[in-house]
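Subject: Structure handover

Hello,

Here is the structure you were going to look at. My notes on what was found follow below it.

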Amino acid sequence: MLTERARAAGRAWARLAPGARLALGVIAVFVLGAVLAPWLTRYQPWQQLDVVRLKSLPPSWAHPFGTDRFSRDVFTRILYGAQLSLSIATLAVLVSSTVGLLYGAMAGYTGGWIDAVMMRFIDAMLSVPRVLMLIAVLALWSPVPVPALVLLIGLTGWFDVARIVRGQAMALRDREFVVAARALGANPARIVWRHVLPNVLSPVIVAGALAVGNVIVLEAGLSFLGIGVHEPMASWGTMFQDAANQFVSTWWAVIFPGIAIVATVLAFNTLGDALRDLLDARQLPGQPAADLPEPAHG
Amino acid sequence: MGRRVAARLGQAVVVVWIVATLAFVLIHAAPGDPFSFDAPTVSEAVRAHWRAEFGYDRPLATQYLLWLGNLAHGNLGYSHSMHEPVRDALAAALPRTLVLMAVALVGAFVLGILLALFQVEHRGTRRARWAGNVALFFYSVPDFWLALVMVLAFAYWLPILPAGYPVSMATHDYMAPLAAFVDSLRHLVLPALTLVLLTTAGIARFQRNELLDVLPLDFVRTARAKGLSERQVVRRHVLRNALIPTITLFGLSMPTLLGGSVFVEKVFAWQGMGWVVVNAIGLRDYPMVLAGVLVGTVMVILGNLAADLAYGLADPRLRVD
Amino acid sequence: MEAVTLLDAVPTARNRCLTFRHDLPLMRLRRFFACSLPLVLVAACSRGEPTAAPVEGPDGGTLVVAEPGDADNLLPPVTASILGHAVADLVYDHLAEIGDGMQTTGDVGFKPQLADSWTWAPDSMSVAFHLNPRARWHDGVPVRAADVRFSLALYKNPKLGSAIAPLLSNVDSVTVKDSLTAVAWFHAKTPESFFNIVYQLWVLPAHLLDTIPPERLATSETVRHPVGSGRFRFEKWDPGSQLVLVADTGNYRGRAKLDRVIWAIAPDNNAAFTQLLSGEADLLEIATPDQLKAAASHPALAPFVWPSLQYVFLGMNFRDAAHPAQPSPFFSDLRVRRAVSMAIDRHAMLRNVFDSLGAISYGPFPRSLATADTTLRLPPYDPAHAQALLDSAGWMAGPGGVRRRGGRPLQIRLIVPTSSAFRMSYAVLIQDALRKVGIACDIDAEQFPSFFAKQAAGNFDLVLAGYGTDPNAGGAQQEWGSDAMPPGGLNYLRYSDPRFDAMLDSASASFDAAAARRYASRAYQVIADDAPGVWLYDAVAYGLISRRFHLPAMRPDGWWQHLADWTVPIDQRIDRDRIGLGSPTH
């Protein structure tokens, strides 16, 4: 069993495009950097080294990415920022994928007027620009703790997933194995759990990979506006907020975290693309699954 | 068709009402009010006086009904953050956002479709892969970061363009019309370019996938069999069919554009809807925020509707009710 | 330090439109101090102040002011924005002008403005102002004594809600003796009676305003097109875009030299600065240290300095943030308050935030105050001592480096308004400084309205507060006195010390300036020893102006005070200086 899985994984790795392998490598580097941060740097992310003499230093051997205006080491903050930014993104996407999966499966499998009402609700929610909605809630109630931020981002991001899943679930409802299960008197919840969910999982995974990149950008944007993650915690977004006032003179404090974000998001998007190509082969009828028509900046 | 549009419009009104009500409750529940602004010597009594004058001391339900009633009469209230009636503030801010969005949309669609064509015509080559990578890169860049880098690069390191900011009438009133126009264009370049780059990437990716979907179809094979060159096949036959879904993107990209323009407007100090609303939230300018939310929602809904109609027009099979 | 006379207490909110990235400290403008400001300017400033030329010069020229944020409204008694005040000063007239000596006692140094001359009643309880018969409103109607009567009544009308009304409380009324003679009646004989009515009151045109109910006036259309009698007349205001004044050529006090003054409203301070750099604008009122540095190499710009009466401090709440009726579990203990004071390196933080442009705060007052005492004994920066004090207060080292007492962590919440970039920086610096002595500090950065609400409700442990103080010694009473508890009062920390109250009472009651200063000093030392706050900085501001302009000495209660006498030499004029008085061509 184990070896079979390992062999399957090996085959999948071999089928992955070279770009995707690179992307996995980049993600691994950032995850390792985040996890090993205490051993990779001798500073703390909130540590102000000397607020008069060591502030706003350009990159040097001692501080490869320079220091920010509070004399904190930018390299250190990027490493620790990866911890926060990556966990927020991953958790938020888990939340939205789960909610979207359950909601979509239920709507699609149930059908009828319940489905209609559920989909109208999604239509309504999609009419409010997500960024504006988040800005309004966060700006009015800031500062929100990080778990609440994760929930808010997660709960405003599941509508697309739900739509995809619902489409798949509707198609599945009339497939033989589901019909057979129903005929055998299986409990609907069990049918959804055993037969529908596993079959709609792959587009959700693809959408999830793309969404992680999306959420990293979103969190950075909110923190840039000063309403996401708060001091002294370092996320990649808060680093911009610190630096934006003086980004002309202290450009390194803006450029380096930006590169970190772009590299990570690029990796997740590449991975998402590659996963889609990989899973498309045994794709169910319908649209190219996770082809979210909108760019990531939403 | 007409009935469908009417039904959609009816739904839209309900959606707008729900969103507006949610926004109303949300903003009134938040701490602070329009008269808790930064002026330490304005006494509590004076603030209370102003509150009473603008009716912010009445019960929430009364305020809600008043607001709805005024809204029905087209009266959006007085904006305390812009110091003028909300209608006037909107009239100034909305065109700025629309200009930015229009330029971005047109630019992004032209560039995006061209980029996708290039990738498909040269598929399998190194050039096409690089084009794809460039598209993916801009697809992955945070909007505000790209905006900051643009300012850094073109307004400071290589100072050839102003850092955005729709320069006021203040200086334009006294310039020759042509000079003023050119100056406006110069101020538009950086923010518009930023938004174009951000939007192009998504459209190119989408268009490319659509093109690739059409490529294996029979009629393409027929065209190829007739001896047309690959370029002719793609431009004449594939593109025509693959464009339909992309056209609907025009309307569907409204939320993305609105979201993106919030950050772009912030960095470039472009006083459009995004800037005004974010500012108004900070100052608890209730009427302005609510109006902004309404306008944003209506724009998204209209975008969706337009996408629907465009799809119906482009694809006759969908025209049946 | 010279005895300082402070003129009035008109509130001047730094305009309300600033975005959260770039607001600058609150300033109170219409204040004066004759003290020696620490002119520790950056390199930029050593290149010379704006040319102080004699007032001779040709007519003409256009000044474009890059203004980050709009006017709130243009009605002098209720405007709370800098721009609103500038327009009031330029478009409207006072009965008399205070003169550059800025004396507030009696009528010494006051010069005729709307009133040619004035006659005191023998008992000094009233004064008759004889109006200049040539004075005209900009619509051609002559200025009459009835306008003065109308104006005072309007200011004092509670329905208008003017923040200036309390400052006119000693003026009972104005009566009309004849069309050109207005008599002001006082309640009591005080040294500043004349100053009160002359400086606080702008004379408004009764014939245009008296038909509008006072409660509607502030937002009425009429007020958006002010008609005054000053040397500049109002041309137009496009909210959010521009405000234009032009010279009133037939003015009874002489034509303004400049043709035109345009305020170009910018969305934020950065945008305003960009306009200045590109030459689209000529003047920026308040520049950040970063901007001053960037402008130092600009050949066409020179810096100038602004006074302010605001001081910023880290305040410690004496009450429990969650239950304001109960004492604070942290700061009701003097040892903890002193420990916080000693944990904070005020001078290093000042350098970090302001580079060399900062002005350290000496205590619970701005340095420009007459009673300011720059020699108070303040707790020194001494983290080791701070640790020892916390130990002795029972707050012992605990897990995660956070001190504990009886199972309760020493975890406190600092509120700060996001609208002030300076205070936001201080918050981050203070957080790390406190961490070093075992205090966990959460930053609660709020947009101003929420900040304000929390501050007023006492819902905080620490606050980065700014007080724009009143000029006399009594001002401190409104901020630290036992009678000034909220609601209603400004004593948000709920500090209370009878010794302080008594000492300050003695200072206010004293007719001998030196004695008053001594009492005030002792009162301040009481506060300094009680350590309810850490005194961070005085909000001194710097502006930038194009070297094209030749200006007489700037008056500290507004850079625009002598604007009508600014000139641009013919040979330095640029295109927009030649626009002239006509309307813009469209």
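Two residues are in contact if their C-beta atoms, placed from the backbone, lie within 7 Å. With that in hand, chain B can be described: among its contacts between residues at least 6 apart in sequence, 74% join residues at least 24 apart.

Some housekeeping first. This is a predicted model, in which local features need pLDDT of at least 70 and side-chain atom pairs count only at pLDDT 80 or more, while totals for chains, interfaces and linings use all residues. Residues are numbered from 1 along each chain as its sequence is written, and chains are lettered from A and ligands numbered from 1 in the order in which they are written.

Chains A and B

Helices (H or I, at least four residues) and strands (E, at least two) are DSSP runs, numbered from the N terminus. By this rule chain B has 13 helices and 2 strands, and chain A has 12 helices and 0 strands. A residue is called buried if 20 or more other C-beta atoms lie within 10 Å of its own, exposed if 12 or fewer, and partly exposed in between, with C-beta atoms placed from the backbone. In chain B, 46% of the 321 residues count as buried; in chain A, 53% of the 298 residues do.

Taken along the principal axes, the C-alpha atoms of chain A fill a box of roughly 75 × 50 × 30 Å. For chain B the box is roughly 85 × 55 × 35 Å. In chain A, residues 24 or more positions apart account for 72% of the contacts with a separation of 6 or more.

Where the two chains meet, 44 residues of chain B are in contact with 40 residues of chain A. On the side of chain B that touches chain A, at least two residues each come from several helices, including H1 (2-29), H8 (177-214) and H13 (286-314) of chain B. The largest share of that side, 8 residues, comes from H11(B). By class, the side has 31 nonpolar, 11 polar and 2 charged residues. Here Ala, Val, Leu, Ile, Met, Phe, Trp, Tyr, Cys and Pro count as nonpolar, Asp, Glu, Lys and Arg as charged, and the others, Gly among them, as polar.

Chain C: the sheet of 4 strands

Two strands pair if DSSP finds at least two bridges between them. In chain C, 4 strands form an open sheet in the order S4-S5-S7-S6, with antiparallel pairing. Which strands are at the edges? They are S4 and S6 of chain C, each of which pairs on one side only. Neighbouring strands of this sheet are turned by 25 degrees against each other on average, direction ignored. For such angles, axes are lines fitted to C-alpha atoms, for helices over the stretch in contact, and angles run from 0 to 180 degrees between N-to-C directions. Helix H3 (residues 145-156) of chain C packs on the sheet and touches S5, S6 and S7 of chain C, with its direction at about 165 degrees to that of S6(C).

Going through the sheet pair by pair:

- S4 (residues 115-120) of chain C is joined to S5(C) by 5 bridges, and the two run antiparallel. C:Ala115 has C:Leu131 as its bridge partner in S5(C). The two strands form a hairpin with 5 residues between them, and C:Ser124 in the turn has a positive phi of about 60 degrees.
- S5(C) and S7(C) pair in the antiparallel sense over 5 bridges, with C:Ala128 opposite C:Val183 in S7(C).
- S6 (residues 171-178) and S7 (residues 181-186) of chain C pair in the antiparallel sense over 6 bridges. C:Asp178 stands opposite C:Thr181 in S7(C), and the hairpin has 2 residues between its strands.

In a regular strand the side chains alternate between the two faces of the sheet.

Another open sheet of chain C has 7 strands in the order S8-S9-S10-S1-S11-S20-S12, and its pairing is mixed. Its edge strands are S8 (232-238) and S12 (301-306) of chain C. The twist averages 20 degrees from one strand to the next.

Regards
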